[in-house]
Amino acid sequence: MRTSRAAHECRFADCSHGKDAGCAIRKAVEEGRLDKERYLNFLNLENEISQLAKRQKKRQMNVERAGKRDRKVQARNYEDRVELERRHRPNHRAHD
């Protein structure tokens with residue numbers, strides 16, 4: 001059985017093919033229609049992709065925090081900070 005065809009037979013469109021009820025992929029593995037090694041490799045890849053996405057999000061948050069912190073250090077008093085934030089914020093008005 002082809003994996004893509006089995007995936008379309010899952011009960012839910014967002015099936016993770018792990019412990020979800022009604023998973024056609026797991027059923028195909030249990031019945032021997034799909035290679036268990038291939039299934040395990042798929043789960044490992046999904047896990048790696050998830051971990052990479054989490055690390056990327058964390059890295060992006062750190063970059064944003066550092067930028068914010070740097071701007072605050074550049075402008076210690078309130079008026080300078082407001083001016084600096086205004087310059088870094090995208091201009092929403094067409095005419096200024």
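Predicted model: local features only at pLDDT ≥ 70, side-chain atom pairs only at ≥ 80, totals over all residues.
Q: Why does Glu31 count as partly exposed?
A: Residues under 20% relative accessible area are called buried, those over 50% exposed, and those in between partly exposed (1.4 Å probe, protein chains only). Glu31 has 46% relative accessibility, so the residue counts as partly exposed.

Q: Where in the protein chain is confidence lowest, and where is it highest?
A: Confidence here is pLDDT, the predictor's own score for each residue, from 0 to 100. Helix H1 (residues 3-8) is lowest at a mean of 66, while helix H3 (residues 36-74) is highest at 88. The chain as a whole has a mean pLDDT of 80, with 83% of its residues at 70 or more.

Q: What makes up the secondary structure of the protein chain?
A: There are 4 helices and 0 strands, giving the pattern α-α-α-α along the sequence. Helices (H or I, at least four residues) and strands (E, at least two) are DSSP runs, numbered from the N terminus.

Q: Why is the contact between Arg33 and Glu31 called a salt bridge?
A: A salt bridge needs a side-chain nitrogen of Lys or Arg within 4 Å of a carboxyl oxygen of Asp or Glu. The closest N and O atoms of Arg33 and Glu31 are 2.7 Å apart, so the pair qualifies. Arg33, at 34% relative accessibility, counts as partly exposed.

Q: How many salt bridges does the whole structure hold?
A: A search finds 3. Besides the pair of Arg33 and Glu31, Glu83 meets Arg86 at 2.7 Å, N to O, and Glu83 also meets Arg87 at 3.6 Å.

Q: What links Glu83, Arg86 and Arg87?
A: A network of salt bridges joins these residues. Glu83 and Arg86 are 3 residues apart in helix H4 (residues 78-88), so about one helical turn separates them. Arg87 and Glu83 lie 4 residues apart in helix H4, again about one turn.

Q: Are Glu83 and Arg87 buried, partly exposed or exposed?
A: Glu83 has a relative accessible area of 31%, so this residue is partly exposed. Arg87 reaches 56%, so Arg87 counts as exposed.

Q: How do you know whether Tyr39 is buried or exposed?
A: Tyr39 has a relative accessible area of 10%, so this residue is buried. Tyr39 sits in helix H3 and touches His17, Gly18, Ile25, Arg26 and Val29, not counting residues up to four places away in sequence. Touching, or contact, means heavy atoms within 4.5 Å. The C-alpha atoms of Tyr39 and Arg26 are 8.2 Å apart.

Q: Which residues make up the largest nonpolar core?
A: It has 10 residues: Ala6, Cys10, Cys15, Cys23, Ala24, Ile25, Ala28, Val29, Leu34 and Tyr39. Helix H2 (residues 24-30) gives the largest share, 4 residues.

Q: What makes a set of residues a nonpolar core?
A: Its members are buried Ala, Val, Leu, Ile, Met, Phe, Trp, Tyr and Cys residues joined through side-chain atoms within 4.5 Å.

Q: How many residues does the protein chain have, and what share is buried?
A: The chain has 96 residues, and 16% are buried.

How values were computed: Residues numbered from 1 in each chain as written. Heavy atoms only, no water.
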